[in-house]
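Please walk me through the charged side-chain pairs of this protein, and explain how they connect parts of the chain.

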Amino acid sequence: MAFIDARGIPADQTSVDRLAKNGLDYRLADFADDAQAASYQRAVARGFLGSEPTAESLSAERATFAERRNTGVYERAGAADALPVATVNSWVTPLTLPGGGEIGMWAISVVTVAGTHRRRGIARALLEGELRAAASAGVPIAGLTVSEATIYGRYGFGAAVPAARFSVDTRRAGWGGHVPEGSVEYVEREALAADLGAVHERARHARAGQIAGWQGRWDGYAGVTGSDAEREKVRGVRYRDASGEVRGVLVYTLSEINGTFRSALQVRLLVGETTDAVAALWRFAVQHDLVDQVTADLRPLDDPLPWLVADTRGVAQEVHDHGWLRVLDVPAALGARPFSAPLDVVIGIDDPLGFAEGEWRLQVDDRGVASVERADGQEVDARMGVAALSSLYAGGVRAGSLRGAGLIDADAATVEKLDRAFITFPAPSLDIWY
């Protein structure tokens with residue numbers, strides 16, 4: 001499926017005008033200009049409290065930036081080569097839907113505001129500008145991953161794809177699972193990125209909430225890029241099934257535990273296309289020689305790990321938010337995904353930015369196919385903010401939980417119908433940052 005190139009969408013005029021009143025220029029950065037590209041990348045590193053990028057890392061990461069729509073905020077009176085005081089970039093990527101289909105999503109990344117320019121309305125201009133740009137381009141949903149969880153709800157984003165963080169005491173946990181057919185083998189770092197990309201692209205269609213990766217992401221996990229301080233520690237293995245096909249990849253680092261001659265294994269990414277692949281890679285990690293602790297993040301909530309070990313109390317699990325979504329076009333977004341049960345409700349959506357505002361009748365037939373139309377003036381069965389609707393979208397957040405938190409106003413019977421319709425199997429997942 002072809003999606004639009006976000007780089008062709010101009011800077012949002014409302015944000016341009018709003019920031020101009022404060023002496024700031026809001027504009028797209030030109031990555032054909034070497035100096036402008038380097039300044040932009042340096043500003044991003046500064047915004048995320050990273051070290052000053054080397055010439056090598058700037059060169060390695062430039063290709064990824066150049067494929068995206070990079071927006072910067074600049075002091076109007078600043079020097080021509082001055083760093084932007086704020087950044088954001090975006091691109092349109094496929095978002096996996098329940099059932100394995102996909103929809104175009106406006107992905108938002110590198111949102112930074114310099115510490116010298118806080119509380120001047122810049123973050124608002126950045127986020128609202130991205131949403132207006134996405135809506136103007138006809139993209140029905142936006143998404144991001146966040147370092148701070150209290151900011152994005154005000155712009156209509158909802159935490160939609162939760163993730164699990166595991167910590168395994170390997171001596172206690174042991175191994176209680178089966179031993180899959182096939183084999184696990186080490187992979188040289190140079191080949192690791194290619195294996196990650198190939199397996200992830202096939203596996204991502206199995207779970208709602210996933211997005212397509214990109215070469216820079218796989219190079220980063222594999223320790224290929226010069227900006228990775230731990231690149232020399234990166235190791236990787238791949239799983240081949242009984243027919244010899246590569247079906248899974250594990251990338252990890254090892255570090256000694258307080259001079260004990262025992263080690264902790266940190267999973268950078270574990271991607272499995274089959275249940276055997278996932279089990280085989282977990283077995284490799286949990287039974288690794290001289291390893292007392294295994295940690296891994298961004299795992300699906302139905303990950304089999306706790307059921308693969310001999311003592312489940314050797315596995316500590318922490319659930320946290322990860323993938324955030326923002327519905328922009330209600331008929332297009334809801335009409336694109338299949339549902340798990342029939343439904344006929346009128347949903348009232350409150351949206352302070354106006355994109356999803358209104359009353360909508362959502363009808364789902366026995367095949368799970370949805371139709372959505374305006375229902376102005378009709379009695380509303382459930383009322384919620386657009387952030388709540390966005391949280392429900394991928395099927396990983398329960399309407400009952402949102403009602404319990406006061407985020408959905410509906411009776412218990414309606415909420416149960418919403419839950420039965422929106423829930424999806426397997427559990428949604430997002431295993432990368434973007």
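In this predicted model, Glu273 has a relative accessible area of 27%, and because this value lies between the 20% limit for buried and the 50% limit for exposed, the residue counts as partly exposed. Glu273 forms a salt bridge with Arg247, and the closest N and O atoms of this pair are 3.3 Å apart. Since Glu273 sits in the loop between S10 and H8 while Arg247 belongs to strand S9 (residues 246-256), the pair ties together parts that are 26 residues apart in sequence. Arg247 is itself partly exposed, at 22% relative accessibility.

Glu273 also meets the side chain of Arg202 in a salt bridge, with a distance of 2.9 Å from N to O. Here the link joins distant parts of the chain, as Arg202 lies in helix H6 (residues 189-203) and Glu273 in the loop between strand S10 (263-272) and helix H8 (275-286), 71 residues apart. Arg202, with 38% relative accessibility, counts as partly exposed.

Another pair is made by Arg172 and Asp311, whose closest N and O atoms are 3.0 Å apart in a salt bridge. This pair, too, links distant parts of the chain, with Arg172 in helix H5 (residues 170-173) and Asp311 in the loop between helix H9 (305-308) and strand S12 (315-327), 139 residues apart. Arg172 is partly exposed at 43% relative accessibility, and Asp311 is partly exposed with a relative accessible area of 25%.

Elsewhere, a network of salt bridges links Asp12, Arg18, Arg124, Glu128 and Arg132. Taken as a whole, the structure holds 37 salt bridges.

How values were computed: Residues numbered from 1 in each chain as written. Predicted model: local features only at pLDDT ≥ 70, side-chain atom pairs only at ≥ 80, totals over all residues. Heavy atoms only, no water. Salt bridge = Lys/Arg side-chain N within 4 Å of Asp/Glu carboxyl O. Helix = DSSP H or I, 4+ residues; strand = E, 2+ residues; numbered from the N terminus. Buried < 20%, exposed > 50% of the residue type's maximum accessible area, 1.4 Å probe, protein only.
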